Amino acid sequence: MSRSLRRGAVAATAIVISIASLSACGAGNDAQTLGIRPDNAAVTVDDVKVQNALVITQPDPGAIGPAVVSATVFNNGLTRQTLDSITLPGTVGTVKLKAAEGNGPIIVPAGGSVVIGGPGNASAVIEGGLREAKNGDAQKVVFKLSKTGDVGLSAFVVPAHSYFKDFGPSEVPAPSATAPTATASTTPTGTATPSGEATHAAGH
């Protein structure tokens, strides 16, 4: 086989492998994650695999409020592990973890997985939001597990729209609903006194 033909064969093989990999990711290992695009960040360290990792911000640009980390954590080992923390290097964001049951640590069972984000699942809330990163950026996220230790990767930052709506922050601020009420209550109070003084002066 000539050198040019050999190069062509290698390139074709690489394309086939890439397509096969994407198809396998699309099938997913957990049905609960199918609502999230399957080609998002994933990494494997020892027995642990983190897949579909995302940082999901408020749906409205510029809105101030919590963001969340969403991912699926797989444990292919023989011993269960706990997810002890999630950190965001380079930011001041603090991630608060909560198990699906509401009490105790987030457990990744041996030979199983845990979904973080979405109704009925464990949650990882970035309190105060993530002001250092903008939508479309890639943010470093480190998952710390009890046995494996740090598992880090870069996750896309996306707003809670479309695919990500049901996995986004459950607490969404609504400033437009409260602003008119505050203005209406302040304005009459501020103008009542000057109005009264004007009437009193006119009586003299």
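1. Leaving aside its neighbours within four places in sequence, with which residues is Asn-75 in contact? With contact taken as heavy atoms within 4.5 Å, the partners of Asn-75 are Asp-47, Arg-80, Gln-81, Val-108, Pro-109, Ala-110, Gly-111 and Gly-112.

2. This is a predicted model, in which local features need pLDDT of at least 70 and side-chain atom pairs count only at pLDDT 80 or more, while totals for chains, interfaces and linings use all residues. Residues are numbered from 1 along each chain as its sequence is written, and side-chain values use heavy atoms, with hydrogens and water left out.

3. Asn-75 belongs to strand E3 (residues 67-75), strands being DSSP runs of at least two residues, numbered from the N terminus. Asn-75 counts as buried because its relative accessibility is 1%, where buried means under 20% relative accessible area with a 1.4 Å probe and protein chains only. A polar atom of the Asn-75 side chain lies 2.8 Å from the backbone oxygen of Thr-79.

4. E2 is largely enclosed by the rest of the structure, because 9 of its 10 residues are buried. E2 runs antiparallel to E3, joined by 7 bridges, with Val-50 opposite Val-73, whereas 4 bridges join E2 to E10 in the parallel sense, and Ile-56 has Val-158 as its bridge partner there; strands count as paired if DSSP finds at least two bridges between them.

Key
Buried means under 20% relative accessible area, exposed over 50%, partly exposed in between (1.4 Å probe, protein chains only). A polar contact is a pair of N or O atoms within 3.5 Å; within protein, one must be able to donate a hydrogen and the other to accept it, and residues adjacent in sequence count only if both atoms are side-chain atoms.
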